[in-house]
Amino acid sequence: MNTFSAPKGTYDLLPPESAAFLAVREALAAPLKRSGYGYVETPGFEDVKLFSRGVGESTDIVTKEMYTLTTKGGDELALRPEGTASVLRAALEANLHRGPLPVKLWYSGSYYRYERPQAGRYRHFSQVGAEALGAEDPALDAELIILAVDAYRSLGLRDFRLLLNSLGDKECRPVYRAALQEYLRGLDLDEETRARIEINPLRVLDDKREQVQRQLAGAPRISDHLCDACREYHDQVRELLTAADITFEDDVKLVRGLDYYTRTTFEFVHGRLGSQSAVGGGGRYDGLSQMLGGPELPSVGWALGVDRTVLALKAEGIELPSAGRTDVFAVPLGEQARRALFGVVTELRRQGVSADFAFGGKGLKNAMKSANRSGARFAVIAGERDLADGEVQLKDLESGEQTSVALETVAATLRERLL
RNA sequence: GUGGAUGUAGCUCAGCAGGUAGAGCACCUGGUUGUGGUCCAGGAUGUCGCGGGUUCGAGCCCCGUCAUUCACCCCA
């Protein structure tokens, strides 16, 4: 037994499975890279107030789930629980919003939430995110949703659904909120939920418990309370998605747990992930910039969970991308051969051929075993006998066929045969 | 924070009226002292999560504890 293990709710990514994770992360980001989104990277921790003000004092993320710390200098920091607030902060700080709008950014990294771990929910998790800042245009909302769907599709993911809703804006949301509160207060609910009615009533709609959902059947619907501007905006988003061959489900109970959302909200849920079914989600946050002390900057964004997407692919039985394999494996016999073949391996690598070497002075048999395990197509084998003739043995590990090749030409020969 | 389940070899798991551990895979060695993958022969490995209790005797029963896991909650 080791003394140490990975902290609760975390896991290590190790070969060979780690290759799938990397590939998924890249696949999620690929559509963004060809759609005008620039890469942004922000610190793993921020002033705790950025999140409490941005994400919302009433959210679970802020009240229960943040990893906070006080520095030796007395600063109150928090490990980032999500990406949007940080990215917006960075953009405002660098005055990107004074340049051409919208500012389109994408990012990828680790996030931290102190939660009870369970299937698909970790205390350290990885997201790919995208934000489009400074434009109020339904096409931008649609663009982001389309890019997310295209990313999932490129991986072969099928069993996911897109839930879509509009939460209204500062005109119509308060009216709806009050109407909902009035309705909820009349229900038979537990104490915690009753408290939520006063702080964040919309989130009650999200409750999974059947006895709660049953009582919500007659609740006022946001869709009936949207102002004309919000309704028009939402209809345009829906039309653009339909035109792009994106199927979605209108879900008036989709709320999401971050306070900054306005108008468009959406979530991608997967059918075979158990309880933690959201593989991605996002929405519009027209008021966030001002909440952080910035100018008015209507924006929209999303985050896709890399861990959960990997789980979803597994659940669908989709073959996960594997590591790029080694093409050539060198097996030396003796010191002289070791130097000669190490040189060959270096040369091959410099020429772009992936090559590996039997390190550790193994015997021939073991070295051949390593060659086989590496998945290499060819083994280059040489001992004193061969080198005396200026040759090496080139073995095709699939057919077992072996030929002698001059040492000087082996790199060139291999490059040719690997084409 | 609240519930349920599970903790046995590197991995997946079996074990049972309570009589002090086993399979498959993986690993190692040899068959082949200059050749892998297949095949054959052989081999190593466990404080049965930890602590206490009951018992002549506990992997199995009881209590506690820790860890993992699933669900609520929340969300990626």
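Strand E10 (residues 278-284) and strand E11 (residues 299-305) are paired in the antiparallel sense over five bridges, where two strands count as paired if DSSP finds at least two bridges between them. Within this pair, Val300 in E11 is the bridge partner of Arg284. Helices (H or I, at least four residues) and strands (E, at least two) are DSSP runs, numbered from the N terminus.

This is a predicted model, in which local features need pLDDT of at least 70 and side-chain atom pairs count only at pLDDT 80 or more, while totals for chains, interfaces and linings use all residues. Residues are numbered from 1 along each chain as its sequence is written, chains are lettered from A and ligands numbered from 1 in the order in which they are written, and side-chain values use heavy atoms, with hydrogens and water left out.

The two strands belong to an open sheet of eight strands with mixed pairing, in the order E1-E5-E6-E11-E10-E9-E7-E8. Strand E1 (38-39) and strand E8 (249-250) stand at the edges with a single partner strand each, so one side of each is left without a neighbour in the sheet.

Helix H5 lies across E5 (103-112), E6 (124-133), E7 (160-166), E9 (262-270), E10 and E11, and runs at about 15° to E11. Contact here means heavy atoms within 4.5 Å, and axes are lines fitted to C-alpha atoms, for helices over the stretch in contact, with angles from 0 to 180 degrees between N-to-C directions.

| Helix pair | Axes come within | Crossing angle |
|---|---|---|
| H5 and H9 (residues 228-243) | 8 Å | roughly 40° |
| H1 (residues 18-33) and H5 | 8 Å | roughly 140° |

H5 and H9 are therefore oblique to each other, and H1 is likewise oblique to H5; angles under 35 degrees count as roughly parallel, over 145 as roughly antiparallel, 65 to 115 as roughly perpendicular and the rest as oblique.

In the contact with H9, Pro138, Ala139, Asp141, Ala142, Ile145 and Ile146 of H5 meet Tyr233, Gln236, Val237, Leu240 and Leu241 of H9. These residues divide into nine nonpolar, one polar and one charged, with Ala, Val, Leu, Ile, Met, Phe, Trp, Tyr, Cys and Pro counted as nonpolar, Asp, Glu, Lys and Arg as charged, and the others, Gly among them, as polar.

In the contact with H1, Leu147, Ala151, Tyr152, Ser154 and Leu155 of H5 meet Val24, Ala27, Leu28, Pro31 and Leu32 of H1, and this contact has nine nonpolar, one polar and no charged residues.
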